[in-house]
Each structure stands twice: as C-alpha cells, then as structure tokens.
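Hi,

Here is the structure I promised to pass on.

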Amino acid sequence: MKYFILYAVVVISYFHFNYVICDKVKIVGLNDLWTLSNANGSIEIENLKIPSGVYSAVAKKYGDVLFSKNKEKLQWIGDENWTYKTNFKAQLDNDTRAVNITFHGIDTVANISLNDYHLGITDNMFLRYSFNVLPYLQTLNTLKVEIKSPFHCGRQTKMKDTCERNMFHKMKISFGMEDSPPVSSFGIWKPVQLEYYEVAIVRDIIVTIGQTDSLWILDIRVPLETDIREHFYGELWLFAAELLAEPMHIKPVLISYKEPQIKFQVNLTKDQVSLWWPNGYGEQKLYPLYITANCWVGETKPKLRAKTLSQKTIKIGFRTIELIEDLDDYGKSFYFKVNKKTMFMKGANYIPAHILPEHAADMNRVNHILKSAKDSNLNMIRIWDGGLYESDYFYNLADSYGLLIWQDITFLRTNYSLTDNFKENIRLEIRQNIMRLSHHPSLALVGINDAVDQAELLLPNELTLNVDHREKNYRQVFRNITNFEFNALTFNDNKSTLGFTTTFPSWILQTDEGRSSYIKLQNFNFSNGNLWEELWNSEIYPQPRFISKYGSPSLPILLSWQRSISKEDKIFNFETYREFDSILKLINYYFGLSTSTFENCTESLIYFSQISQAITVKTATEIFRSKAFHKKTMGTLYWHLNDVWVTLSSSSIDFYGNYKLLYYWSKLFLAPNYIIAAMDNKNNKINVTIIHEGSSNDEEEIYNYKVIVKTYTWFNLYPRKTKKLLIGNMRNGLLTYHLSMSEVFATPFNITNSFLVFTLQTQNDTELSRNYLFPRNFHESILADPKLKLELFFSHCIEGKTPFISYSIRIRVEKPALFVYLEINHPDVERYTLSENGFVQVEPVKIIHLEVTAKSSKCVNLTLDNLRIMSVNQFIVDRKQKTCPGFIQ
C-alpha cells in the first residue's frame, strides 16, 4: 500500500510538470430527471433515472410486468411508442472544439433529437451511438429519445420471421423463448453522457499479450475516437505501478484521422509477473494499467486549459490460452490449454440476469451469480448469444473469480436482411464490443453461429428465396465479416492469446480443396455439441468432444414462486408447460409416481422436478468427465446457470438467487477431486473412475489415494460390507477400475435391497469425494421410513445494511434417507443458502448450516414452522396414498 501511495505521488508530480496547462476531457452524466410519456401524452412519468426501460418506469403505476399475469395485462405498453425527454444546461467556451452526446445503449429503434434538431436513428441495442451536438447546443437544451414499439417497428418490414425481429438488432430473449417470457423490452438501458473535448476520446485499450522464452510482450493499442477530419498530434503516458518503475512516455506523433490510434510495445521479463489462472488452478493476479492520451491539432502544443487529456484504467492478467482442434484417432479434438496446461472445462451457460436489460447489470445480482459459479467449481461461463454483451462489472468479476468467458456474438436463430447497412451494423457491433472486452484475461473465446445457419435454412424469406444463394450469403456475413473485424483488432504475431471460432454445435464443418461445405449430420467426434438427453441411464449417452449446451428443466422453490404470483394464481399448470410431460414420465419410470400424485401437491412437484433435473445433469456430467481419457471429451457447459424470471427452467440458480438441487449437487460432481461409479450392465461390471485435477504448481506431485466401497441396505444406517481399493502414484488425470457386479451384490445383497457408497480418501483417511450407486429404479427398491426429525439448535445474527444471519439444523434418521430436501419459507427472507441439500443421509445425525439473506436490515427469526423437510422414502413407502404427503416437520 505504501508503494502504491508513493507511486501515486510520482504520477501526480509527473502530470504537474509535463502538461499542467491541459485539461481532461469533460464528461457530464445526463442520467437524472428524465420524463417518459406515451404517444398521445395520456401517461407521463417524471424524475426517472437512466438506465431505464419503459416497463420499469411505469411499474409503480401499472405493476411489475413479471408479476402474476401482468405480462398479458400490460402487453399494451409494448404496442405503443414512448418518448424519453430531459432538459440540461451546457457550458461552452472558446477552447471546446467538439461536444458529443453518447448513448451507451438504446433498446432499440429510436429517433433522437436535440432542441428539435434531428441527430440520428438507432436500430441496434448493442451499439454505442455518439452524436456531434456542438452546432445545436444552447445554454438550456432539450434532449428527446422517441422509442418505437419493437412490435410495430418490425411489422413495417418486408421480412417474415418470429415477431418480425430481423430488421433491427435486439436481444432475442426479449421475444420469448423456452425459459423466458415474451416481454419485448425497450428504453435507454445504459448511461447517457455529454462529452466536451478538443480532438479525441479514449474509450478502450486493446492489450494483446505474447511471450518469448524470457519475455512477456505487451502489444498495446489505444484507439482514439474523433469527429475531426484532419490529421492531429498525440502523445501518451502509461502508468503501471506493479510493472514499471516509472511512467512510460510515447512521444508526440502525427496521427491519421482515418485510422486514429496509438500503438506501442512493452517488454517485461517473466520473473516480473505472476500468472493469471482459471478458477481451481491458481491465483487470479491482475495488474492495473493507467493510460493518459494528449491529442491536439497543429504542430504547437495545445492551448491553455484545452480539453485534450483523455484517460482510461484497465486491469490485465498474464496468461496464454489455446483452443486445440487437431485430427486424432477419434475425429477432431476440441480442448483448451491455459498457460500450456491442458484443462477440462467445467461451466455453464449464462443468460441475462433479468428479462429487462436495464436491470441485467445489477451489481448485487451479478456478483451473487458469478460468486456462486466460482464456489461451485466452474472455470468457464458461456455468454449465450440470445442475450447481451454483459457489463464491464461482469467481466471484471470474471477476471477476479477466474471464470473463463466463452463470448457468443448475439446472432441467435434469426434470419437477417443482408443489406449493406446491416452488414456495417454488424461490423460496428463486433468492433465496439471486442475492443471493450479484449483486454480481459477471462475472455477465452469469441464464437458465432448458435443455429444461425440452421434458422436461415428453416426460415426463408422473400429477399433470398434460393437456398444456395442464402447459404453463400450467410457464410459471407457471419464468417467473413466477423473474421475481418476480429483480425483487425488482433496483432498478427499474438493471435493465440484470444481465440475466435465460428461454432456449429453438433454439425461438421469440413473443407475440401479450399471449398467449405456444411455437412448436415450429427457427428460428435468432430465438434462442440449441443445435447438434450432426458434419461438417467449412463449407458445411452453419445460422447461429443465438447458439450456447450445440455440440461433439463425444473421448478424453482416455493419461496420464489410466492414472490411472483398472486394468491389467486396457480403455481403450475400442466397444460402450460409441454416439456414437463417428459419429466413426469421420468418420475413415473424411476419413482413409480403418477401425475395424479402431484396435481394438488405443488411442494412435492417442485421437489421431484429438481431431483429429476439434478440426476439428469449429474449423470451426463459424470459420463462426460469420465471420457477425458485421451481427450475424448474435454468440456461441459450445462444449460443454464441463472434465470430471467420465475418459471419452469433449466437453471441451477433461480431468478431471486435461490439454489436448486442442481446447484448443490454441482458443487460435488464438478469438484476437482471426484469419484464416479456407473453401471455397465452389458459387461456385468461397475466402472469406477477417479478424477484428480491438480493446481498450477503440482504438475509433478504424485498422489496416493484409496477408494472405500461400502454396501448398505435400505434398513440399516451402518454399512454391511466394506471393500478397499488402493490407488498409487496418481498424477493429474483419471484412473478407472472395474468391479464385478456379481461379487458386489452377492447374497444376502441384491440390487433391490441395497446400494453402494463410494468414498475417495487420502492415505490418512481424509475424505475428498463421496458418491452413490443405486442399482435399481427407486420404486423397485425396498425403501423404509427413515423417521426424519428436525431441530434448530443454534442461531446467530448481526444486524446491519446486509445482516449476517445463520442457523444450524440437526437432522436425525433411523434408516437411510434418500435425497433429503430442506426448504425455508419466511416472508422476510430474500434468499438462503444451505451447506448441503438433496443429500443421502446414512448417518444417524447430520448437521446442516443455513445462511439467510434478509429483505431488510433486521434479523429474521426462524422457527420449525419455517423449515420443512422431505425425502423420497415417504413417497415410495406409501405411493398409493391419494392425499398430498406435504412436508415432514
């Protein structure tokens, strides 16, 4: 800290003696005191703050669009055009050569005017729009943003596609998908700024990091945004307290207005830096870079007090990353190496944190989701292309949490018009967003084409009726444009530090004598794949090289439902969710429970839907992880991590941040040390796989583990048989053992009266991992009533802005209890976290720790009436009962 303060003093002194005559670019936020009105002026909402959306702005008067049946009741809002308006004062002086109004995000189609002068039109919510307003600026100004209804705007086009969404670029989830409501947002979803400057503004810093045997090489590019049409001069200072002993000065150079940027290189010896590692492999060391650019017109230095200084601070991390796609004995590989270390990617798909984009960057919400990802052993997040390019805060968190980012370009399932204007729109979108994100060490891959070509081939339109022509045009747009823009932003000698790919999930891309052709066959040996498999049988799964999307839906907890519906609403309607039919069939097949069991029993339906989801994803993930031998399968990204609202969905974390069983289980089945046991009925074997993922500094260490196999019956808490497997000399990787099923289930044990518990231990008996093998469908097993008992025996609370509230829960059983499920229900609870949930209890007493996040700054007093517990046993033991068994208290 002392070193940093001393360095700051040096920086201030340096500025004072070198260019005290210059001023910084002046940036004024225009984010307060906006008014929103509809087209006929019958509705007017005052004192709004930006970011804002129409649905959010009118919520106090008309209700939250996500509450109860409001999305239908408030549909009229989306059918109208709305106008945002604000008044502001401007201060001009003779040294101001340029003034911009910059909109960092408008959703989506809008006309913008200042003092009744037309500034421009927006039609892409992912673009930053800057308008030169100096000719129109007055002392008192009126700024208007007339936003068109996304439905009306689409209907004016000649294209035909779902919701007419193809002539402007907006996040696709707005139009409604499997896990999201059809709430088509519109508004000013990012900040608005008034910018006074002399020549240019620094918005981004592009840092490409390469290396030699002894050096790290930083190729740094500073783009300069300018509206002037003449060459100008610029100089630059780089301050990096932990990397450079003194500031680095780039002397004045003449800069072309056609390609305004300053490029330079910094060389660092390797012993000067610490590496940045993904979560689970080491620390995430970040180094701040502070850049100041001074730009002026003419050979003489800028005038006194001229606004020529523009500044930007970023943090970088030193790491290399490679995507290896080589032909091998199985087809074509698809795996990542970070800092030359081959890694299995464990991740999830991320969708916007809210269906209304103005709330998607909420810091508390985003931090909770990404911190949860880190805590559940994820090392990669795929930002799905039906959503957004996320906020700077999101990517900064990903850097600090060690979460690699697979960033999709936002072109999901839509048949766009290939006009010159739209192609230029695409170029700008990619350029702006990649420039903003490229310095982040977490950014691992930029991908495009999640079903773009598939949607194109299925959804023809009047403008491109010929299939071959359509296919050719789409290859041109979504490959040539994106490749061109990406290459333009990357130094030729350091492209390996950031990957770019055109992905074709479950499809093959082959090249024959320079001609590319799409082979429309699923061949998982050649590609990253999307997989939707609803069975729990580990023997039926295909084995792609990398799984970027797989999952199963479930219902969120009762507490979350109660916050989003009225008392008159039903939590669940079987007819509304067609995909729930497959889940009910699974529950019937494995548990022997018919649909009638849940018709009047919402709590039980929630419970079994979450068990179904957790078992499905756990089974798939275990199979994929066990196939890392010879790099056959090297990554799994489940669908999906979070939710945009409260609904039946494939998320592991619901809209309010509460964890489903899938999340609790994923902390275990994605652990770096893990044991997998799977039935191989064909060969009468049980395959046991031991996984060890080492950290960055234990490449040469050898680990001696042992596996303990315990046989339990459903009527005894203590194991009836124990077998030990010794494992020696294990480095990073996997080992597989095979047990004879006939020996394991020899008399008096059989596949209906017993189950197996596998534990992975160190040689000094420290347990690293535990897993269970249930050899038969649960309704065919002879389960007993475990006599569950529950008690609260310790609580602790510290009141404050965010009070810390914790409890300890003691659970007693007399027989093994299957998938014990705890749920908290209290009106003052925002969300809660349990140390475990959905667990198998084979010990008489188990202690569970509970942490509660309250809605206010006060403590929450829980009693047993607020805690409920369930197990599968109670349903299997008495599956003929007609009444809802509810919760055991």
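Below are some notes on a disulfide and on one helix.

This is a predicted model, so local features need pLDDT of at least 70 and side-chain atom pairs count only at pLDDT 80 or more, while totals for chains, interfaces and linings use all residues. Residues are numbered from 1 along each chain as its sequence is written, and side-chain values use heavy atoms, with hydrogens and water left out.

Searching the whole structure turns up one disulfide (a pair of cysteine sulfur atoms within 2.5 Å). The partners are Cys 797 and Cys 859, with S to S at 1.7 Å. The link is left-handed, at -95 degrees about the S-S bond. Cys 797 sits in strand β44 (residues 789–798) and Cys 859 in the loop between β49 (845–854) and β50 (867–870), so the bond ties together parts 62 residues apart in sequence. Strands are DSSP runs of E, at least two residues, and helices are runs of H or I, at least four, numbered from the N terminus.

Cys 797 is partly exposed at 29% relative accessibility, and Cys 859 is partly exposed at 26%. Cys 295, at 2%, is buried. (Buried is under 20% relative accessible area, exposed over 50%, partly exposed in between, with a 1.4 Å probe and protein chains only.)

Now for helix α7 (residues 363–375). Its buried residues are Val 366, His 368, Ile 369, Leu 370, Ser 372 and Ala 373. Just after α7, Asn 377 has a positive phi of about 70 degrees.

Cheers
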